[in-house]
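Reader: I would like to go through the nonpolar packing and the aromatic contacts of this protein, one question at a time. Please show me the sequence and the structure to begin.

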Amino acid sequence: MKKIQVYHVDAFTDQIFGGNAAGVVPETVGLNEHDMQKIARELNLSETAFLFPSNDRNYDYVVRYFTPSREIDFCGHATVGLSWVMAMEYGWMEKASQIRLKTNIGIVPVEWSMQEKKLNSVVMTQVAPKTKQFEVDKEEICRVVGINPMDIDDKYPIKLAYTGNWHLLIPVKNSKAIDASVPIFEELKDLNLKLDVVTTHLFSFNSFDERYKIYTRDFAPAIGIAEDPVTGAANGALAGYLVLENILDPKIDHEFTIGQGHAAGRPGELTIKIIAGKTNPTIKVGGKAIISINGTINL
């Protein structure tokens, strides 16, 4: 019998039971793909990250991400969670100013943001953003997502966006309309599979809280998750979309806060930094985390 160290980490929050809970398995020696899927299913969190030692000087660990039902290429909140564990529990703050993670989408560096010599947040640099047009049936999308078509904010396009995973982005007039959304999950799952996206991401510039430039909500039935409370990957894709679609000025840098998770009862927030570039902007997504559970699985 193997004893496998596991952590539950609440990401994008500094409050226990807030933000988005991720599983983290820092030591994976002897685990195969079947084992990882079973552990992810047992932990039953939206995603669990598994770290493998690196044999390449260009990165520190290889990371694989599993939902309870399948492997996915990248997960933002699990990346924040695993980076927090490695900094706080495995001494990485003393070793280097960042940790470099090899994922299925490429190398994702995560830096430490310090305040008064203590870890304040972790900041990941996501891969280059992309957007993609598709044939939009607004009435049908609204029906499946469970919002009134009158609540769509037509100033912004409904598009697919990417910084590691593809997401369906839907602009909404205000946070109240976002919170009122009641998706038809089986049909939304089919739509997401048809579009080959991981999540459907609702966003609004009209937030209930002035601290947040944008308020969002995220549904992911195609990967076995009804609602993902606070999503680093989808909000990173949203940040890329904002500049690639010229909603924010692509020639200057931007920094702001996104609020998410309130409708799911797990409020959290993300710090977004967009650094202008000649070809592609650089998208950085940061947040706090807190370890809620640590223990062992007997495998």
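Reader: Is F74 buried or exposed, and what is its relative accessible area?

Author: The model is a predicted one, and the answer is to be read with that in mind. Buried means under 20% relative accessible area. F74 falls under that cut-off and is therefore buried, with a relative accessible area of 1%.

Reader: How are the rings of Y65 and F74 arranged, stacked or edge-to-face?

Author: In general, a pair of aromatic rings is described by the distance of the centres and the angle of the planes. Y65 is buried too, with a relative accessible area of 0%. The centres of the Y65 and F74 rings lie 5.9 Å apart and their planes stand at 80°, and planes over 60 degrees apart count as edge-to-face, so the arrangement is edge-to-face.

Reader: Which parts does the pair of Y61 and W92 tie together?

Author: The rings of Y61 and W92 have centres 6.0 Å apart and planes at 65°, so this pair is edge-to-face. Both residues, Y61 and W92, are buried. Because Y61 belongs to residues 61-66 and W92 to residues 92-95, the pair links parts 31 residues apart in sequence, namely strand β4 and helix α3.

Reader: Which residues touch the most other members of the largest nonpolar core?

Author: The largest nonpolar core has 81 residues. Apart from this core lies another, of 14 residues, including V6, M36, F50 and F66. Within the largest core, the residues touching the most other members are Y65, L168 and I170.

How values were computed. Residues numbered from 1 in each chain as written. Predicted model: local features only at pLDDT ≥ 70, side-chain atom pairs only at ≥ 80, totals over all residues. Heavy atoms only, no water. Core = buried A, V, L, I, M, F, W, Y, C linked by side-chain atoms within 4.5 Å. Buried < 20%, exposed > 50% of the residue type's maximum accessible area, 1.4 Å probe, protein only. Phe/Tyr/Trp six-rings, centres within 6.5 Å; stacked < 30°, edge-to-face > 60°. Helix = DSSP H or I, 4+ residues; strand = E, 2+ residues; numbered from the N terminus.
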